[in-house]
Amino acid sequence: VAGIEQFYAEQMFLLDSGQVEEWAQTFTVDGEFASNATPAPAVGREVIAAVAGKAAAQYAEQGVQRRHWLGMVAAEPRGADEAFVRSYALVIETPRGGRAAIRASTLCEDLMVRQDGRWLVRRRKVSRDDLL
Amino acid sequence: VAGIEQFYAEQMFLLDSGQVEEWAQTFTVDGEFASNATPAPAVGREVIAAVAGKAAAQYAEQGVQRRHWLGMVAAEPRGADEAFVRSYALVIETPRGGRAAIRASTLCEDLMVRQDGRWLVRRRKVSRDDLL
Amino acid sequence: VAGIEQFYAEQMFLLDSGQVEEWAQTFTVDGEFASNATPAPAVGREVIAAVAGKAAAQYAEQGVQRRHWLGMVAAEPRGADEAFVRSYALVIETPRGGRAAIRASTLCEDLMVRQDGRWLVRRRKVSRDDLL
């Protein structure tokens, strides 16, 4: 599906560089972020931004640079402006002056919608492999 | 070459989720899987499925989730329905409750053919970097 | 931007397989390679080849296979034959008989130009996450 991989690159760069308000804008207004590491999903851009902001502040304080790698992207179009996308995602962390390491390997399942020509995540479900 | 990366994403998901019969169907009927870690190639879908099934059973028993990442894909078309594809492949493993780690870094060389509009692997050669 | 990802796959394979003269040809004649790990950029193909050749010789001597993974590629066209491309890059190293590990996680920023239908790097800036 055209544009999905570039979308992920831009979306994750926002998160990894701490631009959490812009990150939240990559979800629909009613977007959901669910994970098998948390009891309930984050729902709506404000909550998504708040959760991401808290994590970003901790990483900044610890001097750790995160990088989210999405890959192995399989997109299944559902009509013209919707797609179900399954991918693998790695979180790579590097402490300042230290060694990079994989923090988590996950499966990422996204329901994507295109609004005004722009892809957005309506529902994301992240499954950490260590919790399967 | 259109569709190759999505093919890899789907193919590896089958392997990583233990769907070894479906995995074997991503090779041609006379498909070959060779590796510098094994003395002889696996030839034909039945053998490919059997080899994968044995490994998948071991991983399931040990509670380890594997993820095969292919990337750095360079595809060289050879006519309309054939391509030589070189890629890098990582095997990432996560034990239940443990940390993800790279199990192997490899070079993957595929001779691909398109049959009935669907890409299949005719011959795969995987070279583990630790054995070079 | 069409062809950019395949360009990276081919470019990095040249470096990882020690073909440093061919690697230098993937930069423009006046190409620059800057890194936050070195005080000054390498400028021009001869210098770029020499720097890469020295590193390649060390890795060969140590029996270490490097793999450069670029991913999360976001390309921003600037006219028909120029693009700014931001990506993440990992260096994965495997010692002969040993375990693969991430050597470095980086941000890669490329100014690319197309000459005679072929993408080349005019200016590359690599930022290692451990030095941020």
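Residues are numbered from 1 along each chain as its sequence is written, chains are lettered from A in the order in which they are written, and side-chain values rest on heavy atoms, with hydrogens and water left out. Because the model is predicted, local features need pLDDT of at least 70 and side-chain atom pairs count only at pLDDT 80 or more, whereas totals for chains, interfaces and linings use all residues.

At the interface, 20 residues of chain C are in contact with 22 residues of chain A (contact meaning heavy atoms within 4.5 Å). The area buried between the two chains is about 1800 Å², and carbon and sulfur atoms give 60% of this area; buried area is the accessible area (1.4 Å probe) that two parts lose on being put together, summed over both. Met72(C), Tyr88(C) and Ile102(C) supply 38% of what chain C buries against chain A, more than any other three residues.

One salt bridge is found across this interface, a salt bridge being a side-chain nitrogen of Lys or Arg within 4 Å of a carboxyl oxygen of Asp or Glu. Arg67(A) and Asp129(C) form a salt bridge through their side chains, at 2.7 Å from N to O.

On the side of chain C that touches chain A, β3 (64–77), β4 (82–95) and β5 (101–115) of chain C each supply at least two residues (strands are DSSP runs of E, at least two residues, and helices runs of H or I, at least four, numbered from the N terminus). The largest share, seven residues, comes from β3(C). By class, this side comprises 13 nonpolar, three polar and four charged residues, where Ala, Val, Leu, Ile, Met, Phe, Trp, Tyr, Cys and Pro count as nonpolar, Asp, Glu, Lys and Arg as charged, and the others, Gly among them, as polar.

The structure also holds two cavities of 30 Å³ or more. A cavity is a set of points on a 1 Å grid over the protein atoms alone where a 1.4 Å probe fits but cannot get out, and its lining residues have an atom within 4 Å of a point. Volume is the space filled by probe spheres set on the points, which are joined across faces, edges and corners.

The largest cavity has a volume of about 410 Å³. Its lining numbers 23 residues, with Glu5(A), Gly71(A), Glu5(B), Gly71(B) and Glu5(C) nearest the centre. The second largest cavity, of about 30 Å³, is lined by Trp69(A), Leu90(A), Trp69(B), Leu90(B), Trp69(C) and Leu90(C).

Technical notes
On a 1 Å grid over the protein atoms alone, a cavity is a set of points where a 1.4 Å probe fits but cannot get out, and a pocket is an open set with protein on both sides within 12 Å along at least five of seven lines; lining residues have an atom within 4 Å of a point.
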